[in-house]
Amino acid sequence: MEKFSSQEKNTSLSEVSSETTTLLKHSLNDIEAFVPPVIIEKMTEKTLHVTQPDENLHNLVVNFATRQILEEIENPEVLRIRISGKDAIKVISAVKDLPQIRKRFNIVIRVDASLYLDIKGIEEEITTQLGFSFNEWVLRKQRMAVDLVIRLDDHLLSWELFCLHAGQIVHSGFQHRATDVVEKCYGHLVAVVLMARALKMVFNADIWEHASYILSLPHGSHMKDKVLCSALAFIMERLGSAAECVKYCAFYMRRERMNKVDLILEWIKRALIITLDEGEKIVQDLVGAFLLESSQDGKFVRMRDEIHEVLVNSRFLLLGGKGLTKAPKGLAWEEASEIHLINNRLSELPNSPNCPQLSALFLQKNPFLRVLPPTFFLHMPMLQIVDLSHTKIRSLPQSLYGLAQLQRLFLRGCKLFMELPPEVGRLSNLKVLNLEGTEIIRLHVEVGRLTNLTCLKMAFYGDNDKRTGINQYSNSIIPQGVMSNLVHLKEVIIDVNPDDKRWNANVKEIVEEVCSLDQLEALQLYLPEVVLFNDLIERSSINLSGMRFSFTVGSHLKSIISRLPLEAATKFEEQERCLKYLNGKGVPTKIKECDEIQTITDAADDDAGDIVFESLEYLDIHYMKNLRSIWKGPLGWGSLSHLKGLVLCICPQLTTIFTFNQALNLRNLEVLVVEDCPEIESIVVTHNPNGSEPMLWRRYLFPKLKRISLHYMPKLVSIMVYAFRRF
């Protein structure tokens, strides 16, 4: 595998169309239908260029490229791959040691071309890693033609397209959620546009999370376009009554085009709508949602071929959010491949519906659903996905454990669900088991038989000491050997009641078993003692640098947790790598007791060139009674350069936030919140009382600041002493 970062030659449109077709699985004509001409023009240049994507977007590109590599290496004709672009080294690092790569390539080397002055230096490094002499390399390199070129910048097309159609919502605190949605569209441009328009003015984080969830589901449909299938399932679920109008278009509207008025009259004739005005608005909404296309100044409309094909060939029963109190009748169950009954008021379900083709059943957010009939799942032989999240069920019927094809079981937020019985071990094909937000007492040993699990999320948060019959259980929340037996796990979340003595007694053994899982990509744990965290870091085989993780370390006192503002806690937990120390007790010397900290960064005069916290984006400081300053002494240029948000709350001794020179580094600061800091007189302090800082520099202070919130600061005189009066 090679990595080239030098500029490549301009390519023709035909060359771009070929590579884009391979990348995005669509013809050039199809792409031109919804990709703006300005983007097509960019694609005819050396590479597609977008404006300075942040780290999350770079990670998105790396993931796309990695996925493309893993797909292409199955092709026996692809032996040499060139990767070009800013993050090529990250891609190579990500795939270099993957089992699929090692199996496909006899030799995998990494060479960063940007480190060498000429081709000869690159060739010498390659020969060294291959074990050749330079003369041997000269003879062999004639056969080293590249079979595939991957340009990382081209993978940003999906992101730019999403931003174009979603608008400012992407830049309003939802960028990380938007990135997740784009990633789950897997480069499918129609799906990207559909999701962008569906989420354009949505400021509800739960809806964004649900969108990602729906896109991540493996549909039982045999259609090729499963990503588009997922996107349409999400959109149709949110259309309400207009969904029936869309179905009519899919099944009855002429494929070439149809007069808009004739279409509306057909809707009225079939009692789908009542008035022409209502129909006019629905047409406008469907065109805006990209479900219909208009032509001749809106006189005619048609449905895109890809969308038509998915809607016609899928048998979805979409009844989410309709306030239903009764489940649909038997025939509807018999014909459906997917049933969406999300967010209704169902309290009862049919005793034993006949569902020979049903692959996915979504019943989440039915708050009155308490019991499922014992034989409910008896005639659902193809069922792969069951979601009962946020219902009031206390147990699962025995018929569920006979679902031989079941792969995903979701019970998130089922606060009355207390026990997972031993029969769960019969679900041999289960890959995802989500028990977050439940009240289960312990995990049964039979869970260890679910050896195909890749994702296991658990919550043991009940008040166990007060439960009757607790003595019938062992002293361990998770029996010995269960975790170590689930060798395919990629994601593990274990949420516990910090007062549960059983966790404290067995956490060491559980952590050891978790650390033996060599395929882990994401891990969340509560570790009551710092020594456990140190052991995890120093003695386990887990590679945290390549993982998403969330660790809470230390005594988990509720009084301390409750003092952290919800906004700050949420922002903290959204990070891909999250480490939270509580209480300060037992924390290593490099992190002192919070009550004794007087400054966060203390730089001596001779350390003026050092760069600190250059990647830090959010800093929240709360309840530090002896804190005098955040940064003391000179900071190197580039320090804190990525800081977007700073929150200071209840720091009674804090006197200084920024000096003038420190403030110049904060060119990306967007939000500044200061509350209950009574000793602060100025936000920015200049060391020159005559205000002699050059006027040229003052214009560069906080150029991206969007919000500043100041509360209970009785001594505050100005934003900047002497030299700065812009606010």
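Predicted model: local features only at pLDDT ≥ 70, side-chain atom pairs only at ≥ 80, totals over all residues.
**View 1. Packing of helix α13 against helix α17.** Helix α13 spans residues 226–239 and helix α17 spans residues 305–313. Their axes are 10 Å apart and meet at an angle of about 80 degrees, which means that α13 is roughly perpendicular to α17. On the α13 side, the contact is made by Leu228, Cys229, Leu232 and Met236. On the α17 side, Glu306, Ile307, Val310 and Leu311 take part. By class, the residues of this contact comprise seven nonpolar, no polar and one charged.

**View 2. The open sheet of three strands, β4-β6-β5.** The pairing in this sheet is antiparallel. Strand β6, residues 300–303, pairs with β5 in the antiparallel sense over four bridges. Glu293 has Arg302 in β6 as its bridge partner. Strands of a sheet pair through backbone hydrogen bonds.

View 3. Lys457 counts as buried because its relative accessibility is 16%, and buried means under 20%. Apart from neighbours within four places in sequence, the contacts of Lys457 are Leu433, Asn434, Leu435, Glu436, Glu491 and Ile493.

Methods
Residues numbered from 1 in each chain as written. Heavy atoms only, no water. Axes fitted to C-alpha atoms, helices over the stretch in contact; angles between N-to-C directions. Helix = DSSP H or I, 4+ residues; strand = E, 2+ residues; numbered from the N terminus. Parallel < 35°, antiparallel > 145°, perpendicular 65-115°, else oblique. Contact = heavy atoms within 4.5 Å. Nonpolar A, V, L, I, M, F, W, Y, C, P; charged D, E, K, R; others polar. Buried < 20%, exposed > 50% of the residue type's maximum accessible area, 1.4 Å probe, protein only. Pairing = 2+ DSSP bridges.
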